[in-house]
Amino acid sequence: MSGAMVLHKKYFLSALPVFMFLLYGCSGIFPQHEPLEVKAARIHGEVLTVDTHVDTPMRLSRPQFNLGELHEPRKGDGKVDLPRMKEGGLDAVFFAVFVSQRARTPEGNNKAKERAFRTFDAIQEAIKAHSSMAELALVPDDAYRIEKAGKRAIYIGMENGYPIGSDLSLIKRYYDLGARYITLCHTRNNDICDSSTDKPEHHGLSEFGEQVVAEMNLLGMIIDVSHISDDSFYDVLKVSKAPVIASHSCARALCDHPRNLDDEMLRKLVENGGVIQMCILSAYVKTPVPNSERDAAMKALREKYGNLSELSEEDERKAREERRAFDEKYPRRLATVSDAVDHIDHIVRIVGIDHVGIGTDFDGGGGLDGCYDVSEIGNITRELVRRGYTEKQIRKIWGENFMRVFREVMKVAHKVQSVP
Ligand SMILES: [Zn+2]
């Protein structure tokens, strides 16, 4: 043993009590002594939290809905508003401009376009009316800046490429109105690609769909592969020059639903540099126990009212009342926060920590036992901390992974634009 080593050891032993005092005195240095609740709340408050998909804008055009007021979600009042975003510690959110799939005719396309424009207007107006609480966000840095100002950052995504119709120039119009991603289709096929919940028609991405992808790459708009069929997914990855996202999807290995991504798709997504944003819609998290009576009654209710966004205000109110009565008659056991975090665990096990995030689908069916509305999202962080995820890992899950993809998509656009 050299003299220097002895000296080091002696020095270390005499300094040890001072070190221990400092470590115990500062919980930040000795985080393992921080109680779970305290640690989870601290991390949840410190990291930027981004939810990449909510359908709240469907409510914005209703005069009785005020984004700046606190609502009661269990009375069907909606799961997201600015006061509850603050309460739940959600810093940034993507509001979906959703248009449900109807006739693929010039008239149908035109109606879809008009509906999309109205929804963009409603979002802009709601933000303007509550400018002390929220701000429109357009680039990744906006979320960090707006969070520092103590406000909520509202991004816009478009769910369903149907409002593009057959006019590629509309993509730039939607981009200029603030849309930063487009979910290529919804529950039915459109002119862009096949849906995961419809019969194969194009067997993936159509020729027009390829042009849509190229135009989005050029503009720096994120391509969202949630809802699209497996063939469409693989086609998109073949032609996209930029990484993609699945804005609200889970792992099929844990819940066998066509809306979810299987392990092979997860691996492909990683090759592409993309990210899957775990959804908390109960039926995508855990396969519901079959109940034929309930399923038949639900089918009848769906047939009676169709899509809520297409109804008059009065009919929508009636539909919601009947839905509430239905839920009371056939109470459903929702999947739990623990069930949802199992999906994060699985994705991390298959492809690592850098390719997973969170997109709740609140107001589009999202909500769990323990995370029913936006005020309860801290319970996801609590479960992650309980399972041993570090602050750095949680920061990635809650926003950094998604923001990396967002930045990369913008970089690719610059490259594509600079090619003569
Ligand atoms: Zn959706």
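**Entry 1: the zinc site**

A reminder to myself before anything else: this is a predicted model.

I started with the metal. Which residues coordinate the zinc ion? I found Glu 159 through OE, plus His 227 and His 248, each through NE2. The distances run from 2.1 to 2.2 Å. Along the chain, the donors follow the spacing E-x67-H-x20-H. I then checked where two of them sit: Glu 159 is in strand E4 (residues 152-159), while His 248 is in the loop between strand E7 (245-246) and helix H10 (263-271), so this pair ties together parts that are 89 residues apart in sequence.

**Entry 2: cavities**

How many cavities of 30 Å³ or more turn up in the whole structure? The search gave me 2.

The largest cavity holds about 50 Å³. Its lining includes Gln 101, Arg 104, Asn 109, Tyr 162, Asp 191 and Phe 208. Sorted by class, I get 4 nonpolar, 5 polar and 2 charged residues around it.

The second largest cavity has about 30 Å³. Among its lining residues I spotted His 227, which I had already written down as a zinc donor. Others in that lining include Val 225, Asp 230, Arg 252, Pro 258 and Met 265.

**Entry 3: a closer look at Gln 101**

I picked Gln 101 out of the lining of the largest cavity. Gln 101 belongs to the loop between strand E2 (92-98) and helix H5 (106-129). With a relative accessibility of 3%, it counts as buried. What does Gln 101 touch, leaving out residues up to four places away in sequence? My list reads Asn 160, Tyr 162, Arg 188, Asn 189 and Asn 190. With Asn 160 there is a side-chain to side-chain polar contact of 3.1 Å.

I moved on to open space. The second largest pocket has a volume of about 310 Å³. It is lined by 14 residues, and those closest to its centre are Arg 59, Gln 64, Gly 76, Asp 77 and Arg 320. Which helix gives the most to this lining? I found helix H13 (residues 313-329), with 6 residues. By class the lining holds 1 nonpolar, 3 polar and 10 charged residues.

**Entry 4: positive phi**

Last, I checked the backbone. Most residues other than glycine have a negative phi, so I wrote down two exceptions. His 203 has a positive phi, near 60°. His 203 sits in the loop between strand E5 (179-183) and helix H8 (207-219), and at 53% relative accessibility it counts as exposed.

Asp 363 also has a positive phi, of about 65°. Its place is the loop between strand E9 (356-358) and helix H15 (378-386). At 13% relative accessibility, Asp 363 counts as buried.

How values were computed: Residues are numbered from 1 along each chain as its sequence is written. This is a predicted model: local features need pLDDT of at least 70, side-chain atom pairs count only at pLDDT 80 or more; totals for chains, interfaces and linings use all residues. Side-chain values use heavy atoms; hydrogens and water are left out. On a 1 Å grid over the protein atoms alone, a cavity is a set of points where a 1.4 Å probe fits but cannot get out, and a pocket is an open set with protein on both sides within 12 Å along at least five of seven lines; lining residues have an atom within 4 Å of a point. Grid points are joined across faces, edges and corners, and a volume is the space filled by probe spheres set on the points. Ala, Val, Leu, Ile, Met, Phe, Trp, Tyr, Cys and Pro count as nonpolar, Asp, Glu, Lys and Arg as charged, and the others, Gly among them, as polar. Helices (H or I, at least four residues) and strands (E, at least two) are DSSP runs, numbered from the N terminus. Buried means under 20% relative accessible area, exposed over 50%, partly exposed in between (1.4 Å probe, protein chains only). Donors are N, O and S atoms within 2.8 Å of the metal (3.2 Å for Na, K and Ca); water is not among the atoms, so sites may look incomplete. A polar contact is a pair of N or O atoms within 3.5 Å; within protein, one must be able to donate a hydrogen and the other to accept it, and residues adjacent in sequence count only if both atoms are side-chain atoms. Contact means heavy atoms within 4.5 Å.
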